[in-house]
Amino acid sequence: MNERADYAGPERRRAIRLNDNIFIFGHLDSIGSFDTLTGDINADGLMFEFHRDISQNIRLEMEIYQPIICCKSRIHSIPVLARVAWTKKIEKDHFEEGENQYSVGVEFLEMKEEDRQRIAKYVKEGMAVNR
C-alpha cells in the first residue's frame, strides 16, 4: 500500500491514492461480468488491470469489497456506478494468455456518501500505516 503520483494525464485524480489489492466485481454490457483486484483506490475512483481495452467513458456497475480496517479482517460491500476515465496499455514485451494487458482508471459516479467517506477513511488510515 503506497501513494501513487506517477500518472500525469488529463484524468489525473486530485486525491491521494492508496495502492492496495481490494476485490471488485464488475459488469460491462459489452463483455458481461468480471472480477479483479484494484491496483489503487481513493474516494473518487480506482485503478485495476484488465485483459482487454475498455473504451473511455463507458459506464460500469461495480461492487467493491472494501476492508473496514487496514488488516482486512472485516469487509463492507459497496455498490458503485462508475465511468472509465482512462485506459493505458501495460508496457511489456510478452503477455501470457489471459494475462492483464491494460490499466483501467475509473471515476465513481454514483455511490452512497457514507460509502465514499468509508473509502476515504480507509485510504487515510492506510497512508498513516505506511509512513
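Which residue forms a salt bridge with Asp-44? In this predicted model, the partner is Arg-116, with the closest N and O atoms 3.9 Å apart.

**View 1. A salt bridge between Arg-116 and Asp-44 links distant parts of the chain.** Arg-116 lies in helix H1 (residues 113–129). Asp-44 sits in the loop between strand S3 (32–42) and strand S4 (45–50). The two residues are 72 residues apart. Arg-116 is buried, at 16% relative accessible area. Asp-44 is partly exposed, at 30%.

**View 2. Arg-116 also pairs with Glu-113.** Their side chains form a salt bridge of 3.8 Å, N to O. Both residues belong to helix H1. They are 3 residues apart, so about one helical turn separates them. Glu-113 is partly exposed, with a relative accessible area of 47%.

View 3. Asp-115 is buried, at 3% relative accessibility. Arg-118 is partly exposed, at 26%. Elsewhere, shared partners join the salt bridges of Asp-44, Glu-113 and Arg-116 into one network. The whole structure holds 6 salt bridges.

**View 4. Phe-23, Phe-25 and Leu-37 form a nonpolar surface patch.** Together the three residues have about 260 Å² of accessible area. Phe-23 is found in strand S2 (residues 23–28). Its relative accessible area is 37%, which makes Phe-23 partly exposed.

Definitions and conventions: Residues are numbered from 1 along each chain as its sequence is written. This is a predicted model: local features need pLDDT of at least 70, side-chain atom pairs count only at pLDDT 80 or more; totals for chains, interfaces and linings use all residues. Side-chain values use heavy atoms; hydrogens and water are left out. Patches are made of residues with over 30% relative accessible area and no salt bridge: like charges are joined within 9 Å, nonpolar side chains (Val, Leu, Ile, Met, Phe, Trp, Tyr) within 5 Å. Accessible areas come from the Shrake-Rupley method with a 1.4 Å probe; for residues, only the protein chains shown count as cover. A salt bridge is a side-chain nitrogen of Lys or Arg within 4 Å of a carboxyl oxygen of Asp or Glu. Helices (H or I, at least four residues) and strands (E, at least two) are DSSP runs, numbered from the N terminus. Buried means under 20% relative accessible area, exposed over 50%, partly exposed in between (1.4 Å probe, protein chains only).
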